[in-house]
Amino acid sequence: MLIRILGAAAGGGFPQWNCNGRNSAAARAGKPGFRPRTQCSLAVTANERDWVLFNASPDLRQQINETPALGAQADGPLRNSPIKAVVVTGADVDFIAGLLNLRELQPFSIYGSARVLETLAANSIFNVLDPSVVARRTLAFGQPASIEGAGCDTGLVVEAFPVPGKVALYLESTRADDNYGSREGDAIGLKVTDAASGQHFFFVPGCAVVDAELADRLKGAPLVFFDGTLYTDDEMIRQGLMQKTGQRMGHISISGPEGSIASFAPLGVKRKIYVHINNSNPVLDDNSPERQATEAAGWEVGVDGMEIRL
Ligand code: MLT
Ligand code: MN
């Protein structure tokens, strides 16, 4: 199985179009050590021919153009695509807006939780992906699903599980005491298995806390891509960017006693890679002390184009 990080940044990307904060300004100026990143997505193949995307970011067109294996193949028919399916982990703009780049009557399948597929059904713009051409398939929790699309079995099996998190920003209610209307299935994690080899990894790009259930699930895993949105819960407030904490947005922090470094420390995960990294996060500076602390704790900071073979 080959895994490629198409994008490692959180919503807005890095640099973010309207941001003149320290990181974005440095990345925009091309300062060494501040590598730009597109919005969070993985591409995975079990057979080096059929690809499955994990989330479809607003940067998908750019990501496809930068990844020859994902574009129309020269030896194929007039219209063809190696992208056979897209699995989405939430209805956030950065996870689903790229679906609109996949219009043009190209058959593939979309997999997501019932909650997320309801959101797609309720937004008529997604009807450009005619359901008679682009199948929508519900991922039921705890039931591994063979990922199929455009008449082929991709050889990948995905198991979805709910994780602590939040409903998409544009669907929030005003009720803080109800987690803004969030329900099970608004944020999910995925276990992705190569059916032939049995090799597997986890993809959890949005998560508010590593609770006992998630810790149990991830224990001893060979590879986890995990929510690296913020380094500290209040960093966006302290940098004067926005009046929201990470917890308010449904995102765990990297540092701190409840953070992901501390939460993963006892789990024995072999390889741990942060993705969905917000433009405020100091780990985006290759030379920051926070970056050094993160790597010293055994984590990698994801970057576009990174490939892993399992
Ligand atoms: C998030 O990850 O919390 C969302 O992408 C935020 C947003 O929609 O801007
Ligand atoms: Mn996001």
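Here is a short chat about the pockets and the metal site of a predicted model.

Student: What volume does the largest pocket have?
Tutor: Let's find the spot in the structure before putting a number on it. Among the 37 residues lining this pocket, G11, D94, L169, M249 and H251 sit closest to its centre. The volume of the largest pocket comes to about 770 Å³.

Student: Which protein residues are the donors of the manganese ion (ligand 2)?
Tutor: Look for donor atoms lying 2.1 to 2.2 Å from the ion. One is an OD atom and the other an NE2 atom. They belong to D94 and H276.

Student: How many residues apart in sequence are the parts that this pair ties together?
Tutor: D94 lies in helix α3, while H276 is in the loop between β12 (272-275) and α8 (289-296). So the pair links parts that are apart in sequence by 182 residues.

Student: Is D94 buried or exposed?
Tutor: Buried means under 20% relative accessible area. D94 has a value of 7%, so D94 counts as buried.

Student: Which helix gives the most to the lining of the second largest pocket?
Tutor: This pocket holds about 440 Å³ of space. Its lining has 17 residues, with S81, N101, L102, R103 and E104 nearest the centre. Three of the lining residues come from the top contributor, helix α2 (residues 60-65).

Conventions: Residues numbered from 1 in each chain as written. Chains lettered and ligands numbered in written order. Predicted model: local features only at pLDDT ≥ 70, side-chain atom pairs only at ≥ 80, totals over all residues. Heavy atoms only, no water. 1 Å grid on protein atoms, 1.4 Å probe; cavity = no way out; pocket = protein on both sides within 12 Å on 5 of 7 lines; lining within 4 Å. Points joined across faces, edges and corners; volume = space filled by probe spheres on them. Helix = DSSP H or I, 4+ residues; strand = E, 2+ residues; numbered from the N terminus. Donors = N, O, S within 2.8 Å, 3.2 Å for Na, K, Ca; no water. Buried < 20%, exposed > 50% of the residue type's maximum accessible area, 1.4 Å probe, protein only.
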